Amino acid sequence: MQAVTLGPEGTYSHRAASSVADEVEFRESVTAIVETVADGEYDRGVVPIENSIEGSVTETLDALSDREVAAVQEIVTPIRHALLARREDFSVVASHSQALAQCRSYLESEYPDADLEAVASTARGVEHARENPDVAAIGHPDNASGDPDLSVVAEGIQDRTSNATRFFVIAPASEQSEAGGKSSLVVYPNANYPGLLLELLEPFAERDVNLTRVESRPSGERLGDYVFHIDFAAGLYEERAQEAIADVEAIAENGWVRRLGSYDTEHVLY
Ligand SMILES: O=C(O)C(=O)C[C@]1(C(=O)O)C=C[C@@H](O)C=C1
């Protein structure tokens, strides 16, 4: 199967995508990946959702509320970052903003004077480091293999050894499934009153459905107006999930509820 993910070659997304697809193509942004899968150009896309240190990948959440796709699998993978450079006296560290944030304490203590440059992906940062000896990159250590000019200056530089990122494997909306141990919803209530969030969550608590994540993102419509991303540990085939969603739909009657579908989790090591 073919999948599209964040490029260029060598990103963590590429590694995650390789576990579900034998052919991987690249795009420059998560939004472009979600768009191309929503349009049916690709059967599968792989996008980062959330990191154990830095939290949600907000561009992904926003793309998932703007476009209709299905989440058909969840991939959880440990993230062990390396510092890659042509020489040890660099002045700039380039990487994806998530990776820079995951190594914040290390960079502050070891390279307090370095300028941090956020680029489209870790592998894009590696390209900069290859081209410019003043630049070091944060990425997977294998990005240095086969390149005699690029060395691994340090390994395991993430601020916690438990660092892990969760990815969604996405598919066109028609492939939404009811089978799986977890499910995701995006809810826009288009309302704002005391107790709204409590009301949205109660249907799950009442039916003993465990919520695994609740995230709010600004709707962009007006200040204080939110879209909620809700993940829970039940399949959409289950009566308790269907009933909870029916309640949520009634509360969000002036807005909308998008089902990303149900999926299982795969833990990938590399
Ligand atoms: O830049 C990459 O290598 C990516 O695949 C993106 C990404 C992310 O957005 O979180 C994926 C995993 C790591 O958490 C760091 C960066």
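This is a predicted model: local features need pLDDT of at least 70, side-chain atom pairs count only at pLDDT 80 or more; totals for chains, interfaces and linings use all residues.
Visitor: How is the protein divided into domains?
Guide: The domain assignment gives domain 1 (1–78 + 164–173), domain 2 (82–155) and domain 3 (181–264).

Visitor: And what separates the centres of domain 1 and domain 2?
Guide: Taken over C-alpha atoms, the centres of domain 1 and domain 2 are 23 Å apart, and the contact draws on 14 residues of domain 1 and 13 residues of domain 2. On the side of domain 1 that touches domain 2, the residues divide into 5 nonpolar, 5 polar and 4 charged.

Visitor: Where does the ligand lie?
Guide: Domain 1 and domain 2 both give residues to the shell around the ligand, so it lies between them.

Visitor: Which residues come nearest to the ligand?
Guide: There are 15 residues around the ligand, and of these Thr11, Ser13, Gln98, Ser121 and Thr122 come nearest. Helix H1 (12–18), S3, helix H4 (97–102) and helix H6 (122–131) each supply at least two residues of the shell, which by class has 7 nonpolar, 8 polar and no charged residues.

Visitor: Switching to helix H2, which of its residues are buried?
Guide: In H2, which spans residues 30–38, the buried residues are Val30, Ile33, Val34, Val37 and Ala38. They cover an arc of only 130° around the axis, which puts them on the same side of H2.

Visitor: What do those buried residues pack against?
Guide: They pack against several strands, including S1 (2–6), S2 (23–27) and S3 (44–51), and also against helix H3 (58–66).

Visitor: What follows H2?
Guide: H2 is followed by glycine 40, whose phi is positive, near 85°.

Methods. Residues are numbered from 1 along each chain as its sequence is written. A residue is buried if 20 or more other C-beta atoms lie within 10 Å of its own, exposed if 12 or fewer, and partly exposed in between; C-beta atoms are placed from the backbone. Helices (H or I, at least four residues) and strands (E, at least two) are DSSP runs, numbered from the N terminus. The arc is that of the directions from the helix axis to the C-beta atoms. Two residues are in contact if their C-beta atoms, placed from the backbone, lie within 7 Å. A residue is near a molecule or strand if its C-beta atom, placed from the backbone, lies within 6 Å of it. Ala, Val, Leu, Ile, Met, Phe, Trp, Tyr, Cys and Pro count as nonpolar, Asp, Glu, Lys and Arg as charged, and the others, Gly among them, as polar. Domain bounds come from an automatic or database domain assignment.
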